[in-house]
Every structure is written in structure tokens, then in C-alpha cells.
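Visitor: I would like to learn how to read a structure like this one. Please show me the chain, then take me through its features.

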Amino acid sequence: MAETKENWDMVITPKDRLLTLDYKEIWRYRDMFYLFVMRNFRTAYKQTILGPLWFLITPILSVIVYVAVFGGIANIPTDGLPPVLFYLLGISVWGYFASCLSSTSNSFVSNADIFGKVYFPRIIMPLVAVTTNLLSFAIQLGIFFAFYIYYACTGTELIIRWQIVLFPLLMLILALMAVGFGMIVSSFTTKYRDLQIMFNKVISLWVYITPVIYPMSFVENEKLHLAMSLNPVTPIVEAIRYSLLGQGQFSWLWLGYSVLMTIVLLMIGLVLFNKVQKSFMDTV
């Protein structure tokens, strides 16, 4: 009896190279990527009374608390800017970074059921997290510009500098930094679950060494100023504030440092992510 030769449309094999990213494969699964984004966005506030309005309510409530506590009680300056604009921009930018970081760092554990049933490029899940959070960030940014127009119409002097053209690039760097760092954490949390709990605490504390509730001009101690500048998120937050509100610190040198850190984190994260995805179902 003659042997029947089987022809396969696709053969799935483990990746031999750890530092690799198959763009063509990701593009083939673009429909699944879109479905995951829509799923995450729709289920974010599923079975809630206010639904998507929470995307508006959450940053507004945070701004009210920040203005009352840090501006009113602690008397922390805002570089002469309206406190609402200062805090709202910082909250929106940091919130996007923290959300991407938290979602990406939980990629393997939170999607273990799906990964165990169907194949698709695992790297899609961190990209889904970045895109989903980008939608909520866009809503919050819309709130910021609504207040910006209000203050501009009431006579408040606000300056938009030419560096605003870098805003999309700065947000891309911030997103990629979150993905790289998140993939590193996600690779370890498949085996050590308590790291996820510890990392959530790190994110909640990280905001205090980032100029979100205060400007860098408020930090007068030179050593402390340098230490906080080494936080790779700091130059990006300050550059965004400088470009949109005209106050802050813009430095090509420090932005270059943030870009370098992003590249390093992405490379390490990709290597660990590709290594762990081969056998993570045995430990997750």
C-alpha cells in the first residue's frame, strides 16, 4: 500500500532564535489581535452601571484628590501651571504606562487557558494590552484638552512648544518600555507567582519617584535630582509636560537615555519571553 503524503498549510515549531520577532506571523493573526482588543475594551467595565463613563470619572476623581491633597494640603508647586492641567496630564501619561506594564507583566498567567487551547503568536497579548490601554488614554487625553481649551479661553497663559510633534514618538517609547519591562516580569511570574504581587507594589510606589505629582524643579537636592532622572520614565514625562504646557525639562541627552533603556529592556524581555513560551504551560 502506497504511503499517502500529507500536505500541511502551516507547521508550528519552537523558535530556535530567542532574539527574534516574526512580523509576518503577527500580521497573519491581525484579526485575532483586533478581537482581543475589542474584548478587553468591552469587558473592562462589563456589568457596571456607568460602563465606559468610568474612563472619564476615574481621572477626574484622581485629579480632585491630587489637587486637594498635594496642592492644597502639601502645597507642592506646579511650576505656575493650573493644578488641574498639571495633574491631569501626569495622571494620564503615568496611568497609561502603569496599565501597560501591569497588563503585560501578567500576560502568561492571565491567558494560560487560551494559550493551552489554541495557537497564535504569544507576543500578541502584550501588544493587545498596549493598544487597549491606548484607547482609554485617548479618552483621558480628550478630557485634558477640554480643560486646556477652557483655561486658554479664560485668559490663562499656556504655551505649546514645537516639541509637541514628538508627542506620538514619546508615547511610543513609553509603551515599548512598558512592554519590555512587562515581558521580563511575565517570564518570571509563570514560575514564581509572588513576584506578581511584589511587582504590583513596585508599580504603586514607582509613581512617587516619577514627576507626576510634582515637577522636577521642586527637587532641589542635586543627588536626589540625578537619582530621579535615572528613572527612565522621568525624562519622557517631563518632555511631554514641556511640549504641551510649556513648563518642565526637555533634554535630548536624557531622552536618549530613556530610548537606550527601552531598547535594552525590549531585547532582554523578548529573549526571556521567547524562552519561557516554549514550556510555560508546564509551570503556569
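This is a predicted model: local features need pLDDT of at least 70, side-chain atom pairs count only at pLDDT 80 or more; totals for chains, interfaces and linings use all residues.

Visitor: How many helices and strands does the chain have?

Guide: Helices (H or I, at least four residues) and strands (E, at least two) are DSSP runs, numbered from the N terminus. Here the chain has 12 helices and 0 strands. Read from the N terminus, the order is α-α-α-α-α-α-α-α-α-α-α-α.

Visitor: What percentage of the residues count as buried?

Guide: Buried means under 20% relative accessible area, exposed means over 50%, and partly exposed lies in between (1.4 Å probe, protein chains only). By that rule, 43% of the 284 residues are buried.

Visitor: What share of the contacts join residues at least 24 apart?

Guide: Contact means heavy atoms within 4.5 Å. Take the contacts between residues at least 6 apart in sequence: 80% of them join residues at least 24 apart.

Visitor: Now helix packing. At what angle do H8 and H11 cross?

Guide: Two packed helices are described by the angle between their axes and the distance between the axes. Axes are lines fitted to C-alpha atoms, for helices over the stretch in contact, and angles run from 0 to 180 degrees between N-to-C directions. The axes of H8 (residues 167-189) and H11 (residues 233-245) cross at roughly 160 degrees and come within 10 Å. Angles under 35 degrees count as roughly parallel, over 145 as roughly antiparallel, 65 to 115 as roughly perpendicular and the rest as oblique. H8 and H11 are therefore roughly antiparallel.

Visitor: Is the crossing of H8 and H11 left-handed or right-handed?

Guide: A crossing is left-handed if the near helix is turned anticlockwise from the far one by less than a right angle, and right-handed if clockwise. H8 passes H11 in a left-handed crossing. On the H8 side, the contact is made by Phe167, Leu170, Met171, Ile173, Leu174 and Met177. H11 brings Val233, Ile236, Ala239, Ile240 and Leu244.

Visitor: How do these contact residues divide by type?

Guide: Ala, Val, Leu, Ile, Met, Phe, Trp, Tyr, Cys and Pro count as nonpolar, Asp, Glu, Lys and Arg as charged, and the others, Gly among them, as polar. The contact of H8 with H11 has 11 nonpolar residues, no polar and no charged.

Visitor: Which residues does Asn40 touch?

Guide: Setting aside residues up to four places away in sequence, Asn40 touches Val128 and Thr132. Asn40 is partly exposed, at 23% relative accessible area.

Visitor: How many salt bridges are there?

Guide: Side chains of opposite charge can pair when their charged atoms come close. A salt bridge is a side-chain nitrogen of Lys or Arg within 4 Å of a carboxyl oxygen of Asp or Glu. The whole structure has 1 salt bridge. Arg241 pairs with Glu238, with the closest N and O atoms 3.0 Å apart. Both residues lie in H11, 3 residues apart, about one turn of the helix. Arg241 and Glu238 are both buried.

Visitor: Where does Asn75 lie?

Guide: Asn75 lies in the loop between H3 (54-73) and H4 (83-105). Its phi is positive, about 55 degrees, although Asn75 is not a glycine. Asn75 is exposed, at 57% relative accessible area. Asp79 also has its place in the loop between H3 and H4. Asp79 has a positive phi of about 60 degrees and is not a glycine either. Asp79 is partly exposed, at 25%.

Note on methods
Residues are numbered from 1 along each chain as its sequence is written. Side-chain values use heavy atoms; hydrogens and water are left out.
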